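Keep the sequence and the 3D view side by side.

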Amino acid sequence: MDAEHRILSRGYVLVEDGRIVAVGEGAPPAASAERIDATGMVVMPGFVDTHAHAGHTLTKGLGSESETWMNIAGRIYAEAVDAEFWAAEAALSALERIKCGTTTAALLFGGGPDIMRTEAPEAALAHLTTVADMGAREILAIGPNRPTSDHVYRKYTRDGHAEIRVSPEAQLDVCAELIDAFGAGGNQRIAVSLPVFTAKELEQQSVYNLSDKTRNLAREKGVLFIQDGHRDGSIAANAEALELFDDLSLLAHCIELTEEDIAALKRTGAKVAHNPSALMSVYGRCPATELMESGIVVSLGTDAAAPDRSFDMFRNMFQAHRYHARHFKDDAVLPPAQLLDMATMGGARALSMESEIGSLEPGKRADIILVNMRQPHLWPSAHPVQRLARFASGADVDTTIVDGRILMRGRKLVSHDEDAILDRAERAFRLMIERAGLG
């Protein structure tokens with residue numbers, strides 16, 4: 001996935017101190033290095049998932065339809081979880097991503113704009129330290145709730161729980177504390193999130209002030225600014241009212257955009273996370289192909305994991321093709337190489353990390369996956385790009401490497417017990433269900 005999209009049929013990637021130092025054909029120059037035999041496999045950069053959610057792997061499937069699930073998830077995140085829930089869920093989420101070949105992901109912390117667990121740092125710390133232990137690379141987007149509702153959370157102790165009221169101003173203080181704790185250069189980073197407000201909502205002084213403070217925090221700290229759910233003129237409204245966006249802004253979904261929305265994206269340099277498997281892509285269309293043609297960066301996100309979708313980026317590449325081919329009645333739309341770019345380099349550009357990840361090039365971090373192509377659905381071995389984008393799935397990933405550290409090999413985690421992770425998640429799920437009265 002370099003600039004030339006080279007395919008090396010007999011190649012090597014040499015890694016030292018967590019970075020790629022050479023890529024070429026023939027025998028590698030360091031004969032004494034540890035060797036991974038990738039015969040019969042494709043060696044490629046790890047996937048970059050630019051939009052997903054923390055918490056959802058333990059709430060998926062709770063509810064027969066989306067509105068029911070959303071209400072249940074909101075109640076759970078506010079009333080039925082503790083730090084152990086966030087740690088257990090983080091391990092399960094990271095496990096799924098590692099096994100699907102996703103080496104970097106951007107996750108919103110919680111299930112929506114009104115259930116961000118940023119009233120205190122403990123929940124986010126539990127999540128991030130667990131992901132760090134798993135070895136995955138992640139950007140966690142944290143931020144305030146809407147100021148127009150009364151938010152009450154439960155804090156659990158050994159003796160029961162206490163109810164605490166949550167203010168957006170206190171949440172922003174916690175966000176600043178977490179940004180300072182994790183910095184900007186590590187494998188776990190913090191982004192700032194803000195609910196998406198309509199033009200009408202921005203007329204409320206409390207909404208305007210909160211948006212202004214949140215934007216200022218992101219720019220003062222130099223971190224990504226991430227929003228979930230733009231549609232129908234909301235980009236233009238926020239750009240006009242607040243100058244809310246710049247080239248460190250990543251906006252998810254972006255359906256039914258107006259001409260003014262698209263003009264605002266082009267003017268500000270904001271990027272788009274397109275989620276073809278998400279419910280919002282059912283409610284309206286993200287004009288991803290048209291945006292890319294106009295020079296706007298568009299990446300792929302899974303919107304995982306609930307209520308009905310996984311972290312499998314292969315699945316999202318396939319769905320993206322069908323989504324837009326059906327719209328244009330043209331299956332030449334989004335060819336395989338472009339889909340792979342959206343899932344790797346496009347994701348890196350969307351996260352402003354293109355100098356670090358997204359391709360196999362000297363100097364970049366060694367985020368690498370090996371895909372086992374010697375399988376019936378991927379055979380014969382010709383046309384690897386087409387095979388990957390059209391036929392492969394996350395279950396075909398054999399090896400996952402982040403920063404030169406082998407996390408999975410032969411579809412088995414190297415440093416963690418998968419059964420222990422599943423059992424821990426099960427315990428957290430059962431306790432959550434009991435506390436929420438859903439048993």
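Helices (H or I, at least four residues) and strands (E, at least two) are DSSP runs, numbered from the N terminus. Two strands pair if DSSP finds at least two bridges between them. This is a predicted model: local features need pLDDT of at least 70, side-chain atom pairs count only at pLDDT 80 or more, and totals for chains, interfaces and linings use all residues. Residues are numbered from 1 along each chain as its sequence is written, and side-chain values use heavy atoms, with hydrogens and water left out.

Strand E1 (residues 11–16) pairs with strand E2 (residues 19–25) in the antiparallel sense, over six bridges. Val 13 has Val 23 of E2 as its bridge partner. Two residues lie between the strands of this hairpin, and Asp 17 takes a positive phi near 55 degrees.

Now step back to the whole. The protein has 14 helices and 17 strands. Its radius of gyration, taken over C-alpha atoms, is 21 Å. Along the principal axes, the C-alpha atoms fill a box of roughly 65 × 55 × 40 Å. Buried means under 20% relative accessible area, exposed over 50%, and partly exposed in between (1.4 Å probe, protein chains only). Of the 439 residues, 56% count as buried. Contact means heavy atoms within 4.5 Å. Among contacts with a separation of 6 or more, 73% join residues 24 or more positions apart.

Next, the sheet. Strands of a sheet pair through backbone hydrogen bonds, either parallel or antiparallel. Here five strands form an open sheet in the order E3-E14-E15-E16-E17, and the pairing is antiparallel. E3 and strand E17 (412–413) are the edge strands, each pairing on one side only.

Follow the order across. Five bridges join E3 to E14. Val 42 has Val 371 in E14 as its bridge partner. E14 then pairs with E15 over four bridges, again antiparallel. Ile 368 stands opposite Ile 401 in E15. What encloses strand E15 (residues 397–402)? Six of its six residues are buried, so E15 is largely enclosed by the rest of the structure. E15 and E16 pair in the antiparallel sense over three bridges, with Thr 400 partnered by Met 408 in E16. These two strands form a hairpin with two residues between them. In its turn, Asp 403 has a positive phi of about 55 degrees.

Lys 99 reaches this region from a helix. Its place is in helix H2 (residues 83–100). At 17% relative accessibility, Lys 99 counts as buried. Leaving out residues up to four places away in sequence, Lys 99 touches Gly 394, Val 397, Met 408, Arg 411 and Glu 418. Ser 206 is 107 residues from Lys 99 in sequence and 43 Å from it in space, C-alpha to C-alpha.

On a 1 Å grid over the protein atoms alone, a cavity is a set of points where a 1.4 Å probe fits but cannot get out. A pocket is an open set with protein on both sides within 12 Å along at least five of seven lines, and lining residues have an atom within 4 Å of a point. Grid points are joined across faces, edges and corners, and a volume is the space filled by probe spheres set on the points.

The largest pocket holds about 1700 Å³. Of the 50 residues that line it, the closest to its centre are Gly 11, Tyr 12, Ala 38, Met 41 and Val 43. E1, strand E3 (41–45), helix H11 (336–343), strand E14 (368–372) and helix H13 (384–390) each supply at least two lining residues.

There are two cavities of 30 Å³ or more. The largest cavity has a volume of about 60 Å³. Helix H5 (residues 205–221) gives the most to its lining, with three residues. The second largest cavity holds about 40 Å³. Strand E16 (residues 405–409) supplies the largest share of that lining, three residues. Ile 98, Met 134 and His 416 are among the residues that line the second largest cavity.

Key
Rg over C-alpha atoms; globule rule 2.2 N^0.38 Å.
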